[in-house]
Amino acid sequence: MFTLMVVVFVLGYTAIALEHPLKIDKAASALLIGVITWVLYVFGGVDILSTGVSRAWNEYVAINPSADSHEGMLDFIVHHEVLHHLSEISAILFFLLGAMTIVEIIDQHQGFKIITDKIKTTDRVKLLWVLSFLTFFMSAALDNLTTTIVMVALIRKLISAKENRWFFASMVVLAANAGGAWSPIGDVTTIMLWIGGQVTTLRIITGVFLPSLFTMLVPLIIVSFSMKGIIKRPTDVNGDEKEYTTHKERVFILCLGVSALLFVPVFKTITHLPPYLGMLFGLGTMWVVTEIMHKNKTHEDKRKLTVIGVLKKVDVPTVFFFLGILSAVSSLQSAGHLDILARYMDENIHNIYIINLIIGVLSSVVDNVPLVAGAMGMYSIEGAGAVGYLSNFVQDGLFWEFLAYCAGTGGSILIIGSAAGVAAMGMEKIDFIWYLKKISLLALAGYLAGAGVYYLEAVLLH
């Protein structure tokens, strides 16, 4: 069963990677492997735990010696491990659901229009730099997936030619992933590390900001030497879309929504409660405010603008995908697969920089969420007094900071390697081979440049 769990995980992952040819949504595959791996773990639990490879079981039985029996092992899996991992996964899912809803509220109120209306230039190079920097900082304040969706929608209003839109959308993906890496709420992987306690708000910002900036700047500088001309805008840029909100309402909701998102780290610092509670507090506040704002509007407008209507537009399959894939990874973590992998990498590589660079490159092929979840399972947070190699794994240690950078930016190397890339690919129908030829080397150059900057920072400061 121990080996079969890995086989099922690999097959499920293959189905996720081949989502488009198979025409099966990746959320469905993720949910199946999330359940099947736990079922296999239960059926083979006695044999698996008896081998002693599960660190979780070894620690549990050391505290509860009476549990070392057939019934005790099954109870450990069903009543301890499942519920333990469910609590961690739920915290991430409720955080994401709250954040996605808040951003959707802003979008439905046309709050992002305040930003997009300010962009007037048609110069290709200047527009690329403006959009990239805007994406970089928006991604840090919101998240890379949402920012990419907003920016691709903006690009459609600014650029008419399809290949130009593809190129700009692809550069937005690079900037969004770079911007999300240095913010605790900018990317799912940094959210996971932040909620898990591996990194703290101030240190992730100060430690990863400069490498992330270089990850965006290097590709920008390279293409600026060859890019020339002006961008032709679509003739129907203004459109005939009905405006459901006034200018004051847009500004107010934009400010309120961004404030709600930015308040989450403050909430965690002040109360020490899990960040998802801060996110739900922000959502609850916006819910009350929008209900009051629109109580006298027509039924059609209220249906579009209130949270009840907005919730129908939230990307629920994405939430199910994360639930499934995180459940699958947690089963491998509990059974001991990830401990075996960690020991192998330590014994054969034993270098946090190379290990993280490998994880970053892998994240361009497979989703970075399970990779980071796997790393979190492979390596525990060491105590404050850890010395030598283990000192890299304390809270805010070099391993966790560099993991946030590599997993967040490495996915840009391929269009399918990040949620932002998949979103842009779906919205603009970007061709995989086109991206590989035009963008992948730029993304790799930026990734390696940022990694070099982080290494220099680590050598000089630590």
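Modeller: Before we start: a salt bridge here is a side-chain nitrogen of Lys or Arg within 4 Å of a carboxyl oxygen of Asp or Glu. And keep in mind that this is a predicted model.

Biologist: Fine. How many salt bridges does the structure hold?

Modeller: Three. Arg156, Arg165 and Glu428 are linked in a network of them.

Biologist: What are the N and O distances around glutamate 428?

Modeller: The closest N and O atoms of arginine 156 and glutamate 428 are 2.9 Å apart. With arginine 165, glutamate 428 has an N to O distance of 3.0 Å. Here the link runs from helix H22 to helix H10, 263 residues apart.

Biologist: Is glutamate 428 buried or exposed?

Modeller: Buried, because its relative accessibility is 7% and the cut-off is under 20%. Arginine 165 is buried too, at 18%, while arginine 156 counts as partly exposed at 38%.

Biologist: Switching topic: where is serine 183?

Modeller: In the loop between helix H10 and helix H11. Serine 183 is buried, with 5% relative accessible area.

Biologist: What does serine 183 touch, leaving aside neighbours within four places in sequence?

Modeller: Ala140 and Thr190. A polar atom of the serine 183 side chain lies 2.6 Å from the backbone oxygen of alanine 140.

Terms used: Residues are numbered from 1 along each chain as its sequence is written. This is a predicted model: local features need pLDDT of at least 70, side-chain atom pairs count only at pLDDT 80 or more; totals for chains, interfaces and linings use all residues. Side-chain values use heavy atoms; hydrogens and water are left out. Helices (H or I, at least four residues) and strands (E, at least two) are DSSP runs, numbered from the N terminus. Buried means under 20% relative accessible area, exposed over 50%, partly exposed in between (1.4 Å probe, protein chains only). A polar contact is a pair of N or O atoms within 3.5 Å; within protein, one must be able to donate a hydrogen and the other to accept it, and residues adjacent in sequence count only if both atoms are side-chain atoms. Contact means heavy atoms within 4.5 Å.
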